[in-house]
Amino acid sequence: MQHKNELYLESVKSTRTKLNHLKPMKKFFTFCFVALAALAAKAQVDVTFNVDMNGQTVSGNGVHLAGNFNDVNYDGIVENAAYVNWNPGDQPNPIVMTDGDGDGVYSVTLSLIPQIYQFKFINGNGWVGAEDVPAACQVEVNGNDNRFWLISGANTTESMTVCFANCAACGQKTVRFRVDMTQEASGINPAGVFLAGDFQGWNPATTQMFDPAYPLGNPSGTFEAIVNVGTASSLAYKFIHGNDWAFAEAVPNDCA
C-alpha cells in the first residue's frame with residue numbers, strides 16, 4: 001500500500017508575627033503535600049502482566065518480568081520506587097511472576113504511573129532466558145526488540161496476556177498499525193491519535209496510538225498501535241487525528 005499507513009501482522013514584622021504566620025503556612029503546606037500524595041496514589045494504575053508459558057520448559061529459577069519500571073525516562077527521577085530498572089531476577093527485589101492455578105500462565109500486577117514502558121519476560125533469572133520478541137510487537141520493527149506498553153491512565157486497571165516470545169495470546173493474531181503524522185501542518189491534535197476498526201467496535205476513542213520513540217528519545221512522528229485481533233483474516237479500519245469521528249481520515253479510493 002503506497003500510502004502513509006503500514007500494517008504489520010504478527011515577608012515579617014516581628015518574631016511574634018512571623019510565628020503566627022508560620023503556623024497557618026505549615027498547615028497549608030501539609031495540606032498540599034497530603035493532596036499531592038493522594039493525587040499521585042490515585043494516578044497509579046494496577047497493571048497485570050500475564051505470560052503463557054505452555055509449550056516452554058519453565059526454568060527452575062522461575063519466571064520474571066524486567067523493564068524500565070523504576071526510572072522510566074532514564075533521567076535520574078524515580079517514577080515507581082517499588083521496582084528497579086531491568087532486573088531479570090538476579091538483583092535485589094526482582095519482579096517474580098507466579099502461576100497460582102497451575103494453568104501455565106504466569107502473572108504479576110504492578111502499580112505504575114501512566115507512561116510508556118518497555119519490558120521483557122524472562123524464563124529464569126538471567127538475560128540468557130529473555131524472550132525473543134517478534135518484530136510486530138517490539139519497540140522497533142528492526143532494532144530494539146523490547147516489548148512496549150502505553151499506560152494512559154484512562155483506566156484504573158490494565159491487563160495483557162501473551163504467549164512467551166509471541167505477540168498475542170496463544171493461537172491468536174496481532175496486528176501492528178503505523179501511521180506517519182509528520183505531514184500534518186497543524187501538528188498533533190492534543191487529544192492524540194486513535195485507531196478505529198471492525199475489530200474493536202468502530203469506537204474512535206478507545207484505541208490510542210502513540211509514538212514509541214517518545215519520551216525515550218526524539219519523537220519520530222510515526223504513531224503506532226499493537227492490537228490483538230483474535231483469529232481474524234481481514235480487517236477494516238481508519239486512523240483518527242483526535243478521538244472523535246469528526247477527525248477521521250479521508251481514505252483515498254486507491255486503498256479504501
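Reader: What pattern do the disulfides of the protein follow?

Author: The pattern is 1-3, 2-4, with bonded cysteines counted along the chain. The model is predicted: local features need pLDDT of at least 70, side-chain atom pairs count only at pLDDT 80 or more, and totals for chains, interfaces and linings use all residues. Residues are numbered from 1 along each chain as its sequence is written, and side-chain values use heavy atoms, leaving out hydrogens and water.

Reader: How many disulfides does a search of the whole structure find?

Author: The search finds 2.

Reader: What makes cysteine 137 and cysteine 167 a disulfide?

Author: A disulfide is a pair of cysteine sulfur atoms within 2.5 Å. The sulfur atoms of cysteine 137 and cysteine 167 are 2.2 Å apart, so the pair counts as a disulfide.

Reader: Why is the disulfide of cysteine 137 and cysteine 167 called left-handed?

Author: The torsion about its S-S bond is about -90 degrees, so the disulfide is left-handed.

Reader: Which parts does the pair of cysteine 137 and cysteine 167 tie together?

Author: Cysteine 137 lies in the loop between strand 6 (115-123) and strand 7 (147-151). Cysteine 167 lies in the loop between strand 8 (157-163) and strand 9 (173-180). The pair therefore ties together parts that are 30 residues apart in sequence. Strands here are DSSP runs (E, at least two residues), numbered from the N terminus.

Reader: What makes cysteine 163 and cysteine 170 a disulfide, and what is the hand of their link?

Author: Their sulfur atoms are 1.6 Å apart, so the pair meets the definition of a disulfide. With 100 degrees about the S-S bond, the link is right-handed.

Reader: What is the phi of tryptophan 86, and where is the residue found?

Author: Phi is near 50 degrees, a positive value in a residue other than glycine. Most residues other than glycine have a negative phi. Tryptophan 86 is found in the loop between strand 3 (63-67) and strand 4 (95-97). At 18% relative accessibility, tryptophan 86 counts as buried.

How values were computed
Helix = DSSP H or I, 4+ residues; strand = E, 2+ residues; numbered from the N terminus. Buried < 20%, exposed > 50% of the residue type's maximum accessible area, 1.4 Å probe, protein only.
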